[in-house]
Amino acid sequence: MNESMEQRLERIKDRIEAACIRSGRDSSSLLLVAVSKTYPPEAVDMLARLGCRVFGESRVQEAAQKIPLCASGLDWHGIGHLQRNKAAMAVALFSRLHSIDTVRLLEKVESCAASAGRNVHACLEVNVSGESSKYGFAPDEVPGVLEVLPRLRYVQVDGLMTIAPFAQDPEDSRVHFRRLRELRDKWVREVGWPLKELSMGMSGDMEVAIEEGATMVRVGTALFGPRPKPGGSV
Ligand SMILES: *Cc1c(COP(=O)(O)O)cnc(C)c1O
């Protein structure tokens with residue numbers, strides 16, 4: 001049976017609430033980022049009417065086309081790999097970038113944000129699993145990156161992000177989410193830079209991520225339904 005958007009949102013909220021209860025957390029400490037990539041403005045507006053306020057887009061070009069067509073007053077996050085030549089657009093569109101994956105990108109975003117006079121929040125993407133197909137800093141690169149942060153004035157790096165390798169069983173993601181949290185705790189201890197946000201968990205593994213300390217979950221298909229195939233019919 002085809003579930004309505006409202007039913008899907010209720011189910012996500014139930015899943016989030018249950019995971020929070022299991023891990024003794026307050027669900028108000030958790031941000032649901034509705035990942036709207038590939039979905040039309042109408043779907044965004046429907047979720048906005050149901051109370052969702054924060055939306056995530058992977059591609060700057062798609063976001064630039066879509067955002068003006070959506071309800072105003074929404075908060076947009078960039079969640080995908082960002083090329084440096086799109087940094088100025090990203091700064092104009094997004095209040096948070098989840099996927100800073102090189103120092104050169106970080107410095108480019110800082111200079112674009114300075115030119116635009118805009119502040120942007122950011123997470124460093126960490127390739128915890130070491131999969132070669134993934135973007136992100138290797139864990140041993142991160143302490144060096146943290147040394148750069150105090151001289152940034154417009155980009156506020158306040159967290160880490162990771163994507164677990166694809167797995168059928170969400171429990172397989174746990175080790176990666178736990179590792180990100182443990183690395184975060186160690187770096188905060190050693191470097192003293194606060195990293196309160198952990199952006200981890202998607203449709204398939206959000207409960208495990210919450211149990212391991214996620215503060216932001218990025219949920220697409222479980223909210224919007226099966227993703228339309230590029231160029232094909234649904
Ligand atoms: C697409 C995407 C998501 C959402 O994935 P779903 O499985 O549809 O929930 C989350 N994070 C990133 C970085 C993505 O690209």
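How do the residues of the shell around the ligand divide into nonpolar, polar and charged? The legends below, drawn from a predicted model, begin with that shell.

**View 1. The shell of residues around the ligand.** The shell divides into 5 nonpolar, 4 polar and 3 charged residues. Around the ligand are V35, K37, S58, I79, I163, M202, S203, R218, V219, G220, T221 and R227.

View 2. In the side chain of K37, a polar atom lies 2.7 Å from a ligand oxygen atom. T221 comes to 2.8 Å from an oxygen atom of the ligand through a backbone N or O atom. For S58, an N or O atom of the side chain is 3.4 Å from a ligand oxygen atom. The ligand taken alone exposes 390 Å², of which the protein buries 86%.

**View 3. The largest pocket, where the ligand sits.** This largest pocket holds about 540 Å³ of space. It is lined by 25 residues, and those closest to its centre are I163, M202, S203, G204 and R218. The lining of the largest pocket is made up of 12 nonpolar, 8 polar and 5 charged residues.

**View 4. The second largest pocket.** Its volume is about 210 Å³. L9, K13, I16, E17, S27, L30, L31, L32, G51, C52, R53 and V54 line the second largest pocket. Helix 1 (5-22) and strand 1 (31-35) each supply at least two residues of this lining, and helix 1 gives the most, with 4 residues. By type, the lining of the second largest pocket divides into 7 nonpolar, 2 polar and 3 charged residues.

Terms used:
Residues are numbered from 1 along each chain as its sequence is written. This is a predicted model: local features need pLDDT of at least 70, side-chain atom pairs count only at pLDDT 80 or more; totals for chains, interfaces and linings use all residues. Side-chain values use heavy atoms; hydrogens and water are left out. A residue is near a molecule or strand if one of its heavy atoms lies within 4 Å of it. A polar contact is a pair of N or O atoms within 3.5 Å; within protein, one must be able to donate a hydrogen and the other to accept it, and residues adjacent in sequence count only if both atoms are side-chain atoms. Accessible areas come from the Shrake-Rupley method with a 1.4 Å probe; for residues, only the protein chains shown count as cover. On a 1 Å grid over the protein atoms alone, a cavity is a set of points where a 1.4 Å probe fits but cannot get out, and a pocket is an open set with protein on both sides within 12 Å along at least five of seven lines; lining residues have an atom within 4 Å of a point. A molecule sits in a cavity or pocket if more than half of its atoms lie within 2 Å of its grid points. Ala, Val, Leu, Ile, Met, Phe, Trp, Tyr, Cys and Pro count as nonpolar, Asp, Glu, Lys and Arg as charged, and the others, Gly among them, as polar. Grid points are joined across faces, edges and corners, and a volume is the space filled by probe spheres set on the points.
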